[in-house]
Amino acid sequence: MHFDVFNGDADGILALVQLRLEEPKDATLITGVKRDIELLQQVDIEKASSVTVLDISMEKNMTALERILANQIPTFYADHHRTGKIPESEFLKTHIDTSASACTSLLINEYLKGKHHLWAIAAAFGDNLNAVGQNYCLVNQVNEQLMEKLQALGNYVNYNGYGRTTDDLHFEPQTLFQALLQWQSPLRLFEDKSSLFYELEQAYHQDISKAESANVLYDSKACKVVMLDDDKWARRVSGVFSNDLANHSPDKAHAVLTHNEDDTYTVSVRAPLNNKQGADEVCIQFPTGGGRTAAAGINALPQEQVEAFISVLDNFYN
(Lines give C-alpha, C1' and ligand atoms only; values in the text may rest on other atoms or scores of the structure.)
Protein backbone atom coordinates (compact mmCIF):
# COMPACT_ATOMS: atom_id res chain seq x y z
CA MET A 1 0.00 0.00 0.00
CA HIS A 2 1.35 3.42 -0.97
CA PHE A 3 0.74 6.48 1.23
CA ASP A 4 0.63 10.10 -0.01
CA VAL A 5 1.17 12.44 2.95
CA PHE A 6 0.75 16.14 2.21
CA ASN A 7 -0.03 19.52 3.70
CA GLY A 8 -3.62 20.65 3.16
CA ASP A 9 -2.64 24.05 1.76
CA ALA A 10 -2.05 25.17 -1.85
CA ASP A 11 1.59 24.10 -1.88
CA GLY A 12 0.99 20.59 -0.58
CA ILE A 13 -2.12 19.94 -2.67
CA LEU A 14 -0.76 21.35 -5.93
CA ALA A 15 2.56 19.57 -5.49
CA LEU A 16 0.67 16.28 -5.29
CA VAL A 17 -1.56 17.22 -8.24
CA GLN A 18 1.55 17.67 -10.40
CA LEU A 19 3.11 14.45 -9.19
CA ARG A 20 0.03 12.28 -9.68
CA LEU A 21 -0.79 13.75 -13.09
CA GLU A 22 2.65 12.61 -14.21
CA GLU A 23 3.01 9.52 -12.02
CA PRO A 24 -0.50 8.14 -11.30
CA LYS A 25 -0.61 5.92 -8.24
CA ASP A 26 -3.29 4.32 -6.09
CA ALA A 27 -2.64 5.74 -2.65
CA THR A 28 -4.00 6.17 0.82
CA LEU A 29 -4.18 9.93 1.40
CA ILE A 30 -3.08 11.49 4.69
CA THR A 31 -3.62 15.23 5.13
CA GLY A 32 -5.50 17.77 7.23
CA VAL A 33 -5.90 21.47 7.85
CA LYS A 34 -2.79 23.53 7.13
CA ARG A 35 -1.72 23.55 10.77
CA ASP A 36 -1.96 19.76 11.03
CA ILE A 37 1.62 18.93 10.14
CA GLU A 38 2.55 15.96 12.35
CA LEU A 39 1.07 13.61 9.77
CA LEU A 40 3.66 10.88 9.25
CA GLN A 41 2.65 9.13 12.47
CA GLN A 42 -0.60 8.20 10.69
CA VAL A 43 1.23 5.98 8.18
CA ASP A 44 0.52 2.32 8.91
CA ILE A 45 4.00 0.83 8.73
CA GLU A 46 2.58 -2.69 8.78
CA LYS A 47 0.80 -2.01 5.48
CA ALA A 48 3.02 0.61 3.83
CA SER A 49 5.05 -0.41 0.79
CA SER A 50 6.16 3.16 0.00
CA VAL A 51 5.52 6.73 1.15
CA THR A 52 5.51 10.16 -0.53
CA VAL A 53 5.74 13.19 1.78
CA LEU A 54 5.05 16.71 0.51
CA ASP A 55 5.25 20.08 2.24
CA ILE A 56 5.41 19.05 5.90
CA SER A 57 8.34 19.79 8.18
CA MET A 58 10.77 16.89 8.54
CA GLU A 59 11.84 18.30 11.88
CA LYS A 60 8.28 17.99 13.21
CA ASN A 61 7.94 14.42 11.86
CA MET A 62 11.38 13.03 12.59
CA THR A 63 10.38 10.26 15.00
CA ALA A 64 7.77 8.87 12.59
CA LEU A 65 10.14 9.22 9.62
CA GLU A 66 12.90 7.31 11.39
CA ARG A 67 10.43 4.53 12.24
CA ILE A 68 9.35 4.31 8.58
CA LEU A 69 12.96 4.15 7.38
CA ALA A 70 13.87 1.58 10.05
CA ASN A 71 11.17 -0.62 8.49
CA GLN A 72 12.91 -0.23 5.11
CA ILE A 73 9.97 1.57 3.49
CA PRO A 74 11.08 3.65 0.46
CA THR A 75 10.22 7.30 1.13
CA PHE A 76 10.19 10.28 -1.26
CA TYR A 77 10.31 13.57 0.68
CA ALA A 78 9.96 17.05 -0.87
CA ASP A 79 9.69 20.13 1.34
CA HIS A 80 10.93 23.66 2.13
CA HIS A 81 10.41 23.81 5.91
CA ARG A 82 12.89 23.25 8.74
CA THR A 83 14.41 19.78 8.48
CA GLY A 84 16.56 19.18 11.52
CA LYS A 85 19.30 16.63 10.76
CA ILE A 86 18.23 14.69 7.66
CA PRO A 87 18.53 10.92 8.27
CA GLU A 88 21.02 9.02 6.16
CA SER A 89 19.19 6.07 4.62
CA GLU A 90 19.17 4.25 1.31
CA PHE A 91 15.37 4.25 1.63
CA LEU A 92 15.07 8.06 1.72
CA LYS A 93 15.08 10.26 -1.38
CA THR A 94 14.85 13.99 -0.66
CA HIS A 95 14.17 17.18 -2.58
CA ILE A 96 14.70 19.86 0.08
CA ASP A 97 15.24 23.62 -0.23
CA THR A 98 14.61 25.82 2.82
CA SER A 99 15.43 29.14 1.15
CA ALA A 100 12.85 31.94 1.32
CA SER A 101 12.16 31.75 -2.43
CA ALA A 102 11.38 28.01 -2.45
CA CYS A 103 8.17 26.06 -2.11
CA THR A 104 7.40 22.36 -2.46
CA SER A 105 5.41 22.72 -5.68
CA LEU A 106 8.37 24.43 -7.36
CA LEU A 107 10.63 21.59 -6.20
CA ILE A 108 8.21 19.09 -7.75
CA ASN A 109 8.10 21.25 -10.88
CA GLU A 110 11.88 20.91 -11.15
CA TYR A 111 11.69 17.17 -10.49
CA LEU A 112 9.13 16.79 -13.30
CA LYS A 113 11.08 19.12 -15.61
CA GLY A 114 8.24 21.64 -15.81
CA LYS A 115 5.62 19.30 -17.28
CA HIS A 116 2.81 20.79 -15.18
CA HIS A 117 4.28 24.21 -14.47
CA LEU A 118 0.98 26.12 -14.34
CA TRP A 119 -0.02 24.23 -11.18
CA ALA A 120 3.39 25.03 -9.66
CA ILE A 121 3.05 28.73 -10.47
CA ALA A 122 -0.37 28.82 -8.79
CA ALA A 123 1.13 27.20 -5.68
CA ALA A 124 3.97 29.75 -5.56
CA PHE A 125 1.42 32.54 -5.53
CA GLY A 126 -0.54 30.67 -2.86
CA ASP A 127 2.59 30.64 -0.68
CA ASN A 128 2.83 34.43 -1.22
CA LEU A 129 5.93 34.06 -3.38
CA ASN A 130 4.57 36.69 -5.73
CA ALA A 131 7.87 37.80 -7.26
CA VAL A 132 8.87 34.17 -7.83
CA GLY A 133 5.50 33.41 -9.42
CA GLN A 134 5.75 36.44 -11.68
CA ASN A 135 9.24 35.41 -12.78
CA TYR A 136 8.06 31.89 -13.62
CA CYS A 137 5.24 33.43 -15.67
CA LEU A 138 7.76 35.55 -17.57
CA VAL A 139 10.04 32.58 -18.25
CA ASN A 140 7.11 30.42 -19.39
CA GLN A 141 5.50 33.21 -21.46
CA VAL A 142 2.33 33.24 -19.36
CA ASN A 143 0.27 36.33 -20.21
CA GLU A 144 -0.94 38.76 -17.57
CA GLN A 145 -4.57 37.60 -17.67
CA LEU A 146 -3.62 33.97 -17.04
CA MET A 147 -1.10 35.02 -14.38
CA GLU A 148 -3.88 36.79 -12.47
CA LYS A 149 -6.03 33.65 -12.64
CA LEU A 150 -3.16 31.46 -11.40
CA GLN A 151 -2.51 33.87 -8.54
CA ALA A 152 -6.18 33.76 -7.58
CA LEU A 153 -6.22 29.95 -7.75
CA GLY A 154 -3.22 29.70 -5.43
CA ASN A 155 -4.77 32.13 -2.98
CA TYR A 156 -8.14 30.34 -2.97
CA VAL A 157 -6.69 26.86 -2.48
CA ASN A 158 -4.44 28.19 0.27
CA TYR A 159 -7.38 29.98 1.92
CA ASN A 160 -9.30 26.70 1.96
CA GLY A 161 -6.62 25.04 4.10
CA TYR A 162 -7.01 27.23 7.19
CA GLY A 163 -9.29 26.18 10.01
CA ARG A 164 -9.44 24.74 13.51
CA THR A 165 -10.65 21.46 12.01
CA THR A 166 -11.74 20.36 8.55
CA ASP A 167 -15.30 21.33 9.58
CA ASP A 168 -14.23 24.97 9.10
CA LEU A 169 -13.16 24.36 5.50
CA HIS A 170 -15.22 24.56 2.32
CA PHE A 171 -13.53 21.40 0.99
CA GLU A 172 -11.62 18.77 2.93
CA PRO A 173 -8.04 18.83 1.55
CA GLN A 174 -8.13 15.27 0.17
CA THR A 175 -11.45 16.06 -1.55
CA LEU A 176 -10.02 19.24 -3.06
CA PHE A 177 -6.94 17.36 -4.26
CA GLN A 178 -9.02 14.64 -5.90
CA ALA A 179 -11.24 17.26 -7.56
CA LEU A 180 -8.30 19.25 -8.94
CA LEU A 181 -6.63 16.06 -10.19
CA GLN A 182 -9.46 15.70 -12.71
CA TRP A 183 -8.13 18.75 -14.54
CA GLN A 184 -5.00 18.19 -16.60
CA SER A 185 -4.39 21.95 -16.59
CA PRO A 186 -5.77 24.95 -14.68
CA LEU A 187 -6.82 26.37 -18.04
CA ARG A 188 -9.77 23.96 -18.20
CA LEU A 189 -10.66 24.73 -14.60
CA PHE A 190 -10.93 28.43 -15.42
CA GLU A 191 -13.02 27.79 -18.54
CA ASP A 192 -15.71 25.87 -16.61
CA LYS A 193 -17.82 28.55 -14.91
CA SER A 194 -19.38 25.91 -12.64
CA SER A 195 -16.00 24.69 -11.37
CA LEU A 196 -14.84 24.83 -7.75
CA PHE A 197 -12.54 27.73 -8.67
CA TYR A 198 -15.52 30.07 -8.86
CA GLU A 199 -17.12 28.55 -5.77
CA LEU A 200 -13.97 29.25 -3.76
CA GLU A 201 -13.66 32.71 -5.31
CA GLN A 202 -17.05 33.77 -4.00
CA ALA A 203 -16.39 32.36 -0.51
CA TYR A 204 -12.92 33.95 -0.36
CA HIS A 205 -14.18 37.46 -1.12
CA GLN A 206 -17.01 37.15 1.40
CA ASP A 207 -14.58 36.19 4.17
CA ILE A 208 -11.73 38.58 3.35
CA SER A 209 -14.11 41.56 3.38
CA LYS A 210 -14.96 40.80 7.03
CA ALA A 211 -11.28 40.92 8.04
CA GLU A 212 -11.05 44.64 7.31
CA SER A 213 -12.45 45.33 10.80
CA ALA A 214 -9.74 43.28 12.57
CA ASN A 215 -8.77 44.46 16.07
CA VAL A 216 -5.23 45.92 16.04
CA LEU A 217 -3.35 44.77 19.15
CA TYR A 218 -0.02 46.42 18.34
CA ASP A 219 1.40 48.56 15.55
CA SER A 220 4.98 49.87 15.35
CA LYS A 221 7.61 50.67 12.75
CA ALA A 222 8.74 47.03 12.87
CA CYS A 223 5.54 45.01 13.10
CA LYS A 224 1.76 44.91 13.23
CA VAL A 225 -0.32 42.41 15.22
CA VAL A 226 -4.07 41.98 14.74
CA MET A 227 -6.72 39.71 16.21
CA LEU A 228 -9.69 38.27 14.32
CA ASP A 229 -13.07 37.26 15.68
CA ASP A 230 -13.68 33.79 17.09
CA ASP A 231 -15.58 32.49 14.08
CA LYS A 232 -15.19 30.04 11.20
CA TRP A 233 -14.69 32.80 8.63
CA ALA A 234 -11.85 34.27 10.71
CA ARG A 235 -10.06 30.94 11.01
CA ARG A 236 -10.40 30.39 7.25
CA VAL A 237 -9.05 33.80 6.34
CA SER A 238 -6.17 34.07 8.85
CA GLY A 239 -3.40 32.97 6.49
CA VAL A 240 -4.42 34.87 3.37
CA PHE A 241 -5.16 37.97 5.46
CA SER A 242 -1.60 37.74 6.85
CA ASN A 243 -0.34 37.71 3.27
CA ASP A 244 -2.50 40.71 2.36
CA LEU A 245 -1.11 42.69 5.28
CA ALA A 246 2.45 41.76 4.30
CA ASN A 247 1.88 42.80 0.70
CA HIS A 248 0.45 46.18 1.71
CA SER A 249 3.30 46.99 4.16
CA PRO A 250 6.39 45.14 2.86
CA ASP A 251 8.78 46.68 5.41
CA LYS A 252 6.85 45.33 8.42
CA ALA A 253 6.44 41.93 9.99
CA HIS A 254 2.81 40.89 10.58
CA ALA A 255 0.98 38.51 12.87
CA VAL A 256 -2.68 37.50 12.86
CA LEU A 257 -4.16 35.86 15.96
CA THR A 258 -7.32 33.74 16.02
CA HIS A 259 -8.95 32.10 19.03
CA ASN A 260 -8.71 28.41 19.86
CA GLU A 261 -11.26 26.50 21.93
CA ASP A 262 -8.88 26.21 24.89
CA ASP A 263 -8.31 29.99 25.22
CA THR A 264 -5.04 29.83 23.34
CA TYR A 265 -4.43 31.51 19.97
CA THR A 266 -3.40 30.31 16.56
CA VAL A 267 -0.83 32.75 15.18
CA SER A 268 0.10 33.36 11.53
CA VAL A 269 3.38 35.24 11.14
CA ARG A 270 4.82 36.85 8.01
CA ALA A 271 8.32 38.27 7.83
CA PRO A 272 8.61 41.61 6.01
CA LEU A 273 8.54 41.04 2.27
CA ASN A 274 11.63 43.23 2.01
CA ASN A 275 13.42 41.14 4.65
CA LYS A 276 12.10 37.59 4.24
CA GLN A 277 13.84 35.92 7.13
CA GLY A 278 13.31 35.07 10.76
CA ALA A 279 9.61 34.18 10.96
CA ASP A 280 10.49 30.62 11.99
CA GLU A 281 13.05 31.87 14.51
CA VAL A 282 10.39 33.98 16.20
CA CYS A 283 7.82 31.19 16.28
CA ILE A 284 10.05 28.35 17.52
CA GLN A 285 10.63 30.32 20.72
CA PHE A 286 7.12 29.15 21.67
CA PRO A 287 6.31 25.44 22.23
CA THR A 288 3.92 24.89 19.30
CA GLY A 289 5.72 27.20 16.86
CA GLY A 290 7.37 26.34 13.55
CA GLY A 291 7.44 27.11 9.86
CA ARG A 292 9.85 28.64 7.40
CA THR A 293 11.92 31.80 7.18
CA ALA A 294 9.34 33.94 5.39
CA ALA A 295 6.14 32.56 6.90
CA ALA A 296 5.60 30.66 10.13
CA GLY A 297 3.09 30.18 12.91
CA ILE A 298 2.20 29.05 16.40
CA ASN A 299 -0.59 26.53 16.83
CA ALA A 300 -1.48 27.25 20.46
CA LEU A 301 -0.10 30.45 21.99
CA PRO A 302 -1.32 30.73 25.62
CA GLN A 303 -3.24 33.91 26.41
CA GLU A 304 -0.69 34.92 29.04
CA GLN A 305 2.12 34.76 26.43
CA VAL A 306 0.56 37.14 23.90
CA GLU A 307 2.48 40.16 25.23
CA ALA A 308 5.71 38.15 25.27
CA PHE A 309 5.11 37.08 21.67
CA ILE A 310 4.53 40.67 20.55
CA SER A 311 7.72 41.73 22.33
CA VAL A 312 9.76 38.97 20.64
CA LEU A 313 8.33 39.84 17.22
CA ASP A 314 8.93 43.57 17.63
CA ASN A 315 12.46 43.14 18.99
CA PHE A 316 13.46 40.69 16.27
CA TYR A 317 12.59 43.08 13.44
CA ASN A 318 13.53 46.35 15.13
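**Sheet and rings**

Analyst: Strand β4 (residues 75-79) and β5 pair in the parallel sense over 5 bridges; strands are DSSP runs of E, at least two residues, numbered from the N terminus, and two strands pair if DSSP finds at least two bridges between them. This is a predicted model, where local features need pLDDT of at least 70, side-chain atom pairs count only at pLDDT 80 or more, and totals for chains, interfaces and linings use all residues. Residues are numbered from 1 along each chain as its sequence is written, and side-chain values use heavy atoms, leaving out hydrogens and water.

User: Okay, what stands opposite Asp79 in β5?

Analyst: Ile96 does.

User: And what order do the strands of the open sheet have?

Analyst: The order is β2-β1-β3-β4-β5, 5 strands with parallel pairing. The edge strands are β2 (28-30) and β5 (92-96), each pairing on one side only.

User: Switching to rings, how many aromatic pairs are there?

Analyst: A search of the whole structure finds 9; rings of Phe, Tyr and Trp (its six-membered ring) pair if their centres lie within 6.5 Å, with planes under 30 degrees apart stacked, over 60 edge-to-face and the rest tilted. One of them is Phe76 with Tyr111, tilted at 5.1 Å centre to centre and 55° between the planes.

User: Is Phe76 buried or exposed?

Analyst: Buried, at 11% relative accessible area; buried means under 20%, exposed over 50% and partly exposed in between, with a 1.4 Å probe and protein chains only. Tyr111 is partly exposed at 24%.

User: Which residues make up the ring cluster?

Analyst: Ring pairs link Tyr156, Tyr159, Phe190, Phe197, Tyr198 and Tyr204. Phe197 and Tyr198 are both buried.

Terms used: Helix = DSSP H or I, 4+ residues; strand = E, 2+ residues; numbered from the N terminus.
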